[in-house]
Amino acid sequence: MSLTNARLEVETVGLKKECAMVAYVIFIKERTHNQGELDLYKEMAPAALAGHPITFRIAHGHKEVVEGPDFEDMMMLEFPTFREARAWYDSPAYQAASEHRLKGADYRAIIVEGVPPK
């Protein structure tokens with residue numbers, strides 16, 4: 001098997017089949033500065049979800065940091081492909097909301113490919 005451009009080639013009985021790899025958007029909130037800005041983000045963000053194939057995998061759950069620095073909160077969203085994750089993140093609706101997220105807290109945001117479905 002070879003991994004190229006977010007596609008996994010799987011050889012099955014002489015045929016090659018390409019499977020798109022899922023992607024995750026991970027938000028790590030390091031430290032809150034302005035709760036009012038985060039409240040505005042929470043009001044605006046749901047509208048940015050419309051029309052995008054998003055599955056929430058982690059949302060404000062119990063956490064225990066076992067290595068590295070502590071952080072306040074984490075969210076992880078799943079998308080069918082890296083391209084769809086990036087399209088959502090870059091969408092005008094999400095970018096308008098994210099301005100308030102960034103004014104309200106220090107965040108890390110990561111888009112990463114996952115493993116293909118079995």
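**Close-up views of a predicted model**

**Figure 1. Helix 1 is bent at Glu43.** Helices (H or I, at least four residues) and strands (E, at least two) are DSSP runs, numbered from the N terminus. The model is predicted, with local features requiring pLDDT of at least 70 and side-chain atom pairs counting only at pLDDT 80 or more, whereas totals for chains, interfaces and linings use all residues. Residues are numbered from 1 along each chain as its sequence is written, and side-chain values use heavy atoms, with hydrogens and water left out. Helix 1 comprises 15 residues, 35–49, and spans 22 Å from its first C-alpha to its last. This span is close to the expected 21 Å, calculated as 1.5 Å times one less than the number of residues.

**Figure 2. Buried residues of helix 1 and their packing partners.** Glu37, Leu38, Tyr41, Ala45 and Ala48 are buried in helix 1; buried means under 20% relative accessible area, exposed over 50%, and partly exposed in between (1.4 Å probe, protein chains only). The buried residues of this helix pack against strand 4 (23–32), helix 2, helix 3 and strand 7 (105–113).

Figure 3. Apart from neighbours within four places in sequence, His100 is in contact with Glu37, Leu38, Leu40, Tyr41 and Met44, where contact means heavy atoms within 4.5 Å. The C-alpha atoms of His100 and Asn34 are separated by 9.3 Å, although the two residues are 66 residues apart along the chain.

**Figure 4. Crossing of helix 2 and helix 3.** The axes of helix 2 (residues 82–90) and helix 3 (residues 92–104) come within 5 Å and cross at roughly 65°. Axes are lines fitted to C-alpha atoms, for helices over the stretch in contact, and angles run from 0 to 180 degrees between N-to-C directions. Helix 2 contributes Trp88, Tyr89 and Asp90 to the contact, and helix 3 contributes Pro92, Tyr94, Gln95 and Arg101.

**Figure 5. The segment comprising residues 1–17.** Here pLDDT, the predictor's confidence in each residue from 0 to 100, stays under 50. The model has 27 contacts beyond four places in sequence for this segment. Where pLDDT is low, the predicted coordinates should not be read in detail. The protein chain averages a pLDDT of 87, and 83% of the residues score at least 70.

Notes. Bend = angle between axes of the 7 residues up to and from the residue.
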